[in-house]
Amino acid sequence: MKELVVISGKGGTGKTSIVAAFASLAKSAVLVDCDVDAADLHIILQPDVEHREEFSGGKLASIRQNDCTSCGKCFELCRYNAIEKSTSPDGKRTIYEIDRIGCEGCGVCAWFCPEKAIDFKESINGEWFISNTRFGKLVHARLGIAEENSGKLVSLVRTAARKVAADNGNELIIIDGSPGIGCPVIASISGAQYVLIVTEPTLSAIHDMERVIQLTKHFNIPTGVCINKWDLNQEISNDIEKNPDIKILGKTSYNTVFTKAQIMRQTVIEYSDNAVADELKSLWENVLYEIG
Amino acid sequence: MKIAIASGKGGTGKTTIALNLASVLASSAIRTTYVDCDVEEPNGHIFLNPEIEKSKNVAIPVPLIDFTKCTLCGKCSEICEFNAIAVTPKTVVVFKDMCHGCGGCFHVCPVNAISEIDNIIGIIEIGKSGDINFMQGKLDIGKAFSPPIIRELKRNIPSDDVTILDSPPGTSCPVIEAISDSDYIILITEPTPFGVNDLKLSVEMVRQLEIPFGILINRSDIGDDEVIRYCKKEQLDIILQIPDDREIAVAYSHGKLAVDEIPKYIDDFKNLFEKIHKAVQD
């Protein structure tokens, strides 16, 4: 069983559209959406949820005001400025409260509170699903708004996908990753067999691709590149192709079918059999060859 | 005044809007600072070519064990919520890239065997590009946590300037860190199913923060009218619509700003600022 992860560094280069096209082309794959804080793959794949589970990314502190003696120990120890200090309406007492959004979930305040007046409990901050789609199984998730620990949710989703693949005899897992190079991206690629980077011929996208290539090198994962919208700036596309450190697996055109297919909730392959579909098919063949 | 530019979906044009707005403000003799808070993939510098005057490493304090004092009692591992410290029968292992720097182990150690050393995770840089004050953060490759770098950037923002905060994409912790104490948030979207889905998540996020915000629809003519219907239903303020203009895309691909290449957009950004200024004063 092999995992192919599609990432980009820069957002909006076409990861999800390309993963959806791959879903159309793959014969037997489990699909995974690891962009857990802005997941979009389900919009095209229209999943029927078969299994749902809650996710707890960590714990949150909260101060029981009746037991708090306003000693200020928590305020002094919190390194995330997540303890808010105010004065009671009658002006007699200092009130300490936890800022839920600022709280990192380290539990230091609760541990050291001399009155044991701080609760520190698991908080539910997301959910994940195994679903059926017209292309097979999809494992996806939804991180609560403003929540932490997307990396943990990504790891959980990947573990679930491997189990689904093992149970169903799927040999390939196709993972739609998130933008950036931080915690969710690291969790998406670590231990995977192959990374496809989707870039576009803009200076920003190249800059971001180079950082993400450094990341895949850091984790020792074989990596190929697709230049999407390659004809937006042919000069820059040529420069990318000339770079000996970059393995180009395909080029796809700047074409309105990407948006039109999305509006119809279809993959580009389902929507059209024009030149772009051919470019995507050739990209897919090259990716399969690389994965081996 | 701090104006944050955010978007659930990536690639909708945050950096384009942030830089064009900053450029128009600076050329109207308003003191302007552009802050690139997308520290995983900062792009603003490509367009501004700033001269960096100051830079500073950003580090997380991680534990260092003094084995001459350590009794292997295991308290440090017990308090750590991030699995960053493990105590075996023979030794203590620190996984420094898992450490959030909370200081729990340092405080809890009964024999003072833990001190803290810096684990550098990135850098912040401060400089100038023409009339625009420039700031950016950069996360080192392989490091997972960007919020401390964003926090450090925000500590260094000059207080009198109009500050434009260019946020990372998404709705999770780095975004919150970037936008949470701004005076106004511009949410950028595009009129596609992905754009609308991610806009809904962004609106939910911004409402939790209770900060005034408006919607900017970029490439407003590429998709369908679902985003307009959604904004009407939720009574959201659409502050600007920018059509899909290949000239903007090409300027962007070369690292050039739309307002420099295509002057007709200057007034759009001036009006945008007027609207925001008024919304903040109300």
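Guide: Buried area is the accessible area that two parts lose on being put together, summed over both. Keep that in mind as we look around this predicted model.

Visitor: Happy to. What is the area buried between chain B and chain A?

Guide: The size of an interface is often given as the accessible area lost when the parts come together. Here, chain B and chain A bury about 5,100 Å² between them, and carbon and sulfur atoms give 57% of that area. On the side of chain B, B:Glu41, B:Ile141 and B:Phe194 supply 15% of the area it buries against chain A, more than any other three residues.

Visitor: How many residues does each chain bring to the contact?

Guide: Chain B brings 63 residues, and chain A brings 57 residues.

Visitor: Which element gives the most to the side of chain B that touches chain A?

Guide: That is α7(B), with nine residues. Other elements giving two or more residues to that side include α2 (44-48), β7 (132-139) and α9 (246-253) of chain B. By residue class, this side of chain B has 25 nonpolar, 21 polar and 17 charged residues.

Visitor: Let us turn to the cores. How many residues does the largest nonpolar core have?

Guide: The largest nonpolar core has 116 residues, and A:Trp128, A:Val139 and B:Ile215 are among those with the most contacts inside it. A second, separate core of 38 residues includes A:Leu4, A:Ala20, A:Ile174 and B:Phe194.

Visitor: What is A:Val139 in contact with, leaving aside its neighbours within four places in sequence?

Guide: Its partners include A:Val30, A:Val32, A:Trp128, A:Ile130, A:Val157 and A:Val164.

Visitor: And how would you sum up chain A as a whole?

Guide: Chain A has eleven helices and eleven strands. Its C-alpha trace spans about 75 × 40 × 35 Å along the principal axes. Of its 292 residues, 59% count as buried. Among its contacts with a separation of 6 or more, 74% join residues 24 or more positions apart.

Methods
Residues are numbered from 1 along each chain as its sequence is written. Chains are lettered from A and ligands numbered from 1 in the order in which they are written. This is a predicted model: local features need pLDDT of at least 70, side-chain atom pairs count only at pLDDT 80 or more; totals for chains, interfaces and linings use all residues. Side-chain values use heavy atoms; hydrogens and water are left out. Contact means heavy atoms within 4.5 Å. Buried area is the accessible area (1.4 Å probe) that two parts lose on being put together, summed over both. Helices (H or I, at least four residues) and strands (E, at least two) are DSSP runs, numbered from the N terminus. Ala, Val, Leu, Ile, Met, Phe, Trp, Tyr, Cys and Pro count as nonpolar, Asp, Glu, Lys and Arg as charged, and the others, Gly among them, as polar. A nonpolar core is a set of buried Ala, Val, Leu, Ile, Met, Phe, Trp, Tyr and Cys residues joined through side-chain atoms within 4.5 Å. Buried means under 20% relative accessible area, exposed over 50%, partly exposed in between (1.4 Å probe, protein chains only).
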